Amino acid sequence: MIKDIFGKPVRVKNYICSPDGEHYLHKNGDVKLHLGIAPQSYCPAACPFCIAVNTKQHRRIDTAKLEGTLRGLHEQGLIKSVKITGGEPFYDIALLNEVVNIIFDVFGLGFELSVSTNGMGLDKLHSLEKLSYIDTLHISRHHYDDAVNRMLFGGADVPDGARLKEIFDTVCFKDIFVFNCMLLRDTINSPAEARRFMDFAISVGASKVGFMCCSKINRFAEEQAIRYEDVIRDGDPSLLFTRGFYDYDVCHCRDGVYASEKGGLIEFYGRDTRVIETGYSRGLVFDSDNTLRDGYGGNVIL
């Protein structure tokens, strides 16, 4: 489907993923998109598989341009949810607060908003003025062992498990906390390792784990890439699968619940992405260079 977005023709996804890989529901009218916002580009970490670029630059968005763009998108009825990414959003808590306030001013307090972080700024969590209105805080955590996890962040000073638990315990609505774990051939690479990671997540107090597959953006990612289905497997008695969807040859995702040997429960989800380039937009991005694009690294719309 072609949508006119600020006078630019943009091809967008106009179908709903299929639970069986055969039957797809196509949309003919109202198509809404996810929007990613990167308030600033800088991130102190150096993850070797990170898809973000120019993370050592200190670009910062023009919040007036962001607000104007959001109001225009809202008037067109185009946006169904927003995720704040980066760079590391908590690196500049004043800017993060300003962006969050703009989003809720434009779309309303009931709008779906999530924030992705590497965890380095979580000591500032309660400086986030509208924390209680944020749906999900996605925290990158790639191993249950603190030393291995820190190594995967390029040696950056990310919080250890004990510190994360302390921070989580200060918040009464703990369903906000989700760990995003990158599946890698040398680390979380098997059902047993995935179970150990989920045991760790339960002990810390996270409500959900998302297992991510590497986008093959460089040699490290190509060598370390492993399929979701090789780690989260059918027949594992500790897993109850609740739903799954196919997106043609693009990706396959599955959700469920894990029960630990000690009786703990945690939700999990994951996506095996097979195709990076689709030829159409699966979401919009307002980047730290003050452009609106038809996807991460995509064509400039505004």
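A residue is called buried here when its relative accessible area is under 20%, exposed when that value is over 50%, and partly exposed in between, with a 1.4 Å probe and protein chains only. Cys251 is buried, because its relative accessible area is 6%.

The structure above is a predicted model, in which local features need pLDDT of at least 70 and side-chain atom pairs count only at pLDDT 80 or more, while totals for chains, interfaces and linings use all residues. Residues are numbered from 1 along each chain as its sequence is written, and side-chain values use heavy atoms, with hydrogens and water left out.

**Cysteines**

Let us stay with the cysteines for a moment. A disulfide is a covalent bond between the sulfur atoms of two cysteines. With the rule that the two sulfur atoms must lie within 2.5 Å, the count is 0 disulfides. Cys213 is in no disulfide, and the nearest cysteine sulfur, that of Cys214, is 8.0 Å away. Cys213 counts as buried because its relative accessibility is 11%. Cys251 is also in no disulfide; here the nearest cysteine sulfur belongs to Cys17, 5.8 Å away.

**Aromatic rings**

A pair of aromatic rings is described by the distance of the centres and the angle of the planes. Rings of Phe, Tyr and Trp (its six-membered ring) pair if their centres lie within 6.5 Å; planes under 30 degrees apart count as stacked, over 60 as edge-to-face and the rest as tilted. The structure holds 15 such pairs. The rings of Tyr15 and Tyr280 have centres 6.2 Å apart and planes at 75°, so this pair is edge-to-face. It links distant parts of the chain, 265 residues apart: Tyr15 is in strand E3 (residues 15–16), and Tyr280 is in the loop between strand E13 (265–273) and strand E14 (284–286). Helices (H or I, at least four residues) and strands (E, at least two) are DSSP runs, numbered from the N terminus. Both Tyr15 and Tyr280 are buried.

Phe179 and Phe197 make another edge-to-face pair, 6.2 Å centre to centre with 70° between the planes. Phe179 sits in strand E9 (residues 177–183) and Phe197 in helix H5 (residues 191–204), 18 residues apart, and this pair too links distant parts of the chain. Phe179 counts as buried because its relative accessibility is 0%, and Phe197 counts as buried at 0% relative accessibility. Both belong to one aromatic cluster, formed by Phe168, Phe177, Phe179, Phe197, Phe200 and Phe211.

A ring can also meet a charge. The charged end of Arg254 sits over the ring of Phe241, 3.7 Å from its centre; the rule asks for NZ of Lys or CZ of Arg within 6 Å of the ring centre and within 35 degrees of the ring normal.

On a 1 Å grid over the protein atoms alone, a cavity is a set of points where a 1.4 Å probe fits but cannot get out, and a pocket is an open set with protein on both sides within 12 Å along at least five of seven lines; lining residues have an atom within 4 Å of a point. Grid points are joined across faces, edges and corners, and a volume is the space filled by probe spheres set on the points. There is 1 cavity of 30 Å³ or more. The largest cavity has a volume of about 40 Å³, and its lining includes Asn118, Arg141 and Phe153. The second largest pocket has a volume of about 190 Å³. Cys213 and Cys214 are among its lining residues, as are Lys216 and Asp272.

**Backbone**

Most residues other than glycine have a negative phi, and most peptide bonds are trans. The peptide bond from Gly86 to Gly87 is cis, with omega near 10°, and Gly87 lies in the loop between strand E6 (79–84) and helix H2 (93–107). Phe6 has a positive phi, near 55°, and is placed in the loop between strand E1 (2–5) and strand E2 (8–11). Phe6 counts as partly exposed because its relative accessibility is 30%. Asn290 has a positive phi near 65° and counts as buried at 17% relative accessibility.
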